[in-house]
Amino acid sequence: MWNLTSLEQYVGGAFTFSQEALKSFFKHYGEALLSETGEEKGTLIFTGTVGAMRCSAEYAAYGAGRASIRQLAQTLAREMSAKGVYVVHTIANGAIEDKDGEGQKFGKKMSADTVGKTYLWLLEQEPELWTHELGMRPAAEKF
């Protein structure tokens with residue numbers, strides 16, 4: 001059975017987060033276009049799963065929520081890039097663990113530190129090349 005409450009909370013939460021973050025960016029940096037000022041205003045990174053692109057039977061609400069966040073990120077990127085807001089959607093396809101152990105050594109799990117380093121790499125990108133969607137997975141995880 002579908003769980004509409006979790007769908008509403010997940011998508012509604014991402015939408016509300018986006019609105020509040022954008023208000024803060026524009027309050028601190030104004031709404032002038034990037035082409036006028038060259039000033040970046042902030043970055044929004046959404047973390048999704050492979051469910052954003054395809055989903056298994058009996059996971060309709062889960063897939064709909066993940067796909068909705070992916071679409072939200074795409075729409076925000078189209079609308080906000082010109083204003084200097086960088087929007088990224090990442091797909092974490094596999095387990096993320098807050099330690100380095102056997103799972104990471106053999107490519108079965110992602111380490112939280114490595115995911116964090118990847119996010120820092122995204123934050124360092126300049127406006128002439130912004131990555132919009134990035135798939136992350138441990139080596140042993142199938143696409």
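In this predicted model, Glu133 forms a salt bridge with Arg70, and the closest N and O atoms of the pair are 2.7 Å apart. Glu133 belongs to strand S5 (residues 133–136) and Arg70 to helix H3, so the contact ties together parts that are 63 residues apart in sequence. With a relative accessible area of 18%, Arg70 is buried, because the limit for that class is under 20%. Glu133, at 29% relative accessibility, counts as partly exposed.

Side chains of opposite charge can pair when their charged atoms come close. The structure holds four salt bridges in total. Another of them joins Glu31 and Lys83, whose closest N and O atoms are 3.4 Å apart. This pair links distant parts of the chain: Glu31 is in the loop between H1 and helix H2 (34–37), while Lys83 is in the loop between helix H3 (60–80) and strand S2 (85–92), 52 residues apart. Glu31 is partly exposed at 48% relative accessibility, and Lys83 is likewise partly exposed, at 23%.

A further salt bridge is formed by Lys109 with Glu97, with 3.0 Å between the closest N and O atoms. Lys109 lies in the loop between helix H4 (102–105) and strand S4 (110–111), and Glu97 in strand S3 (residues 96–97), so the pair ties together parts twelve residues apart in sequence. Lys109 is partly exposed, with a relative accessible area of 31%; Glu97 is partly exposed at 21%.

Helix H1 (residues 4–29) contains Gln19, which is partly exposed with a relative accessible area of 39%. Between Gln19 and Met110, the C-alpha to C-alpha distance is 30 Å, and the two are 91 residues apart in sequence.

Notes. Residues are numbered from 1 along each chain as its sequence is written. This is a predicted model: local features need pLDDT of at least 70, side-chain atom pairs count only at pLDDT 80 or more; totals for chains, interfaces and linings use all residues. Side-chain values use heavy atoms; hydrogens and water are left out. Helices (H or I, at least four residues) and strands (E, at least two) are DSSP runs, numbered from the N terminus. Buried means under 20% relative accessible area, exposed over 50%, partly exposed in between (1.4 Å probe, protein chains only). A salt bridge is a side-chain nitrogen of Lys or Arg within 4 Å of a carboxyl oxygen of Asp or Glu.
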